[in-house]
Amino acid sequence: MLRQSLLQLKAARSMSTATKTSLKIGLIPADGVGKEVIPAAQQAIAALGSDIPKPEFIPLIAGFETFTRTGVALPEETVQILKEECDCALFGSVSSPSKKVVGYSSPIVALRKELDLYANVRPVLSVAPTPEETPAVDLVVVRENTECLYIKQEQSSNGPNGREARATRLITERASSRIGKMAFELALHRPAKQVTIIHKSNVLSVTDGLFRETVRAVPLGAEGRYDGVKILEQLVDSAVYKLFRDPREFDVMVAPNLYGDILSDAAAALVGSLGLVPSVNAGDNFVMGEPVHGSAPDIAGKNIANPIASIRSAALMLRHMGYAKGADRIDAAVDTVVREGQFATPDVGGKSTTQEVVDAITRLI
Ligand code: GGG
């Protein structure tokens, strides 16, 4: 089944799920529409009944609003509870200001680091008219999550041309190798079995060159494990062009942090809305579901945000932990609601509220 091939990393994980009697899920809605879509995902998980251990939801705070209230964007207590008490988590969306605010730093970037969630796995899949039909878009962006320009080492100074600003871009062998492995593992379980390395090493030959070389070397040290996986590479700019011309050329796309962020938002346009695209932030010991969309302040609080990206992120998180049956039930319910089209939020051309869509999905679960 297509859905099952999306994310089957559990074999490579140490997380033992078989004996759990409860599942502690940290909920961090953060800012804007996060406050509406995370409760939606909670409602979908709660509807699963005995297909997963009894869920226990732990509300946690982070975000720009938390910063304006408390002076801290990611309270230590949130990190501590996630590390010590939670089995997994769901994060909503954050509204970091575009201008520097003294003392503020993005809590999602920090969380990914704190929990060593080194991979952001973003499947982009169009809903087929019937389960048997081949979807027009079925790809996964595997985004490195801990380095690149997102290490946030920026400086400004005055120079002969006025103010100057510089940012350090970090690419390491370790991070490139482990994200490469994640991409190859995913590809192994997908029908097309193809990894495309996204880079710009014709210009950035040192940083992107290292990323490209290291990912390419992953199968060499894997004792034939990835022999059936085809490796391609594509410069990031032409990858975007190809993505829009013929998304079927891509299966698993593995990219440094910034390219992966941009590519996955772009790919979302191919399936109708950012409001449909889920992700998980995954490490070796923890997984956190997160819709790809941001906090959408223009529609926040209006009960019209699309809850599907969050609900699918919950399914992806459960699948990653080995709860395939629960994940399948959520995905099947979402597929039916999307296909039938009776309940749809305005971003995908409908008139329904967030709650109406969640209720329709939950009824089917
Ligand atoms: N759920 C994805 C999300 O919140 N996107 C916006 C984002 O990544 N913002 C980064 C930030 O505000 O720090």
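A residue counts as buried here when its relative accessible area is under 20%, and as partly exposed when the value falls between that and 50%. Keep that cut-off in mind for the residues below, and remember that the model is predicted.

**A buried aspartate**

Let's start with Asp251, in the loop that runs between α8 (236–245) and β10 (252–255). Is Asp251 buried or exposed? Its relative accessibility is 3%, so Asp251 counts as buried. What does the side chain of Asp251 reach at 3.0 Å? That would be the backbone nitrogen of Gln194. There's also a side-chain to side-chain link: Asp251 and Arg190 are joined by a polar contact of 2.7 Å.

**The ligand site**

Now for the ligand, which sits in the largest pocket.

| Protein side | Ligand atom | Distance |
|---|---|---|
| Val94, polar backbone atom | oxygen | 3.0 Å |
| Ser96, polar side-chain atom | oxygen | 2.7 Å |
| Pro291, polar backbone atom | nitrogen | 2.8 Å |

How much of the ligand does the protein cover? On its own the ligand has 350 Å² of accessible area, and the protein covers 78% of that.

**Two residues with positive phi**

Lys152 isn't a glycine, yet its phi is positive, at about 60°. You'll find Lys152 in the loop between β5 (138–144) and β6 (154–159). With a relative accessibility of 42%, Lys152 counts as partly exposed.

Asn303 is the other one to check: its phi is near 60°, again a positive value in a residue other than glycine. Where is Asn303 found? It's in the loop between β12 (287–289) and α10 (308–320). Asn303 has 31% relative accessibility, so it counts as partly exposed.

Terms used. Residues are numbered from 1 along each chain as its sequence is written. This is a predicted model: local features need pLDDT of at least 70, side-chain atom pairs count only at pLDDT 80 or more; totals for chains, interfaces and linings use all residues. Side-chain values use heavy atoms; hydrogens and water are left out. A polar contact is a pair of N or O atoms within 3.5 Å; within protein, one must be able to donate a hydrogen and the other to accept it, and residues adjacent in sequence count only if both atoms are side-chain atoms. Accessible areas come from the Shrake-Rupley method with a 1.4 Å probe; for residues, only the protein chains shown count as cover. On a 1 Å grid over the protein atoms alone, a cavity is a set of points where a 1.4 Å probe fits but cannot get out, and a pocket is an open set with protein on both sides within 12 Å along at least five of seven lines; lining residues have an atom within 4 Å of a point. A molecule sits in a cavity or pocket if more than half of its atoms lie within 2 Å of its grid points. Helices (H or I, at least four residues) and strands (E, at least two) are DSSP runs, numbered from the N terminus. Buried means under 20% relative accessible area, exposed over 50%, partly exposed in between (1.4 Å probe, protein chains only).
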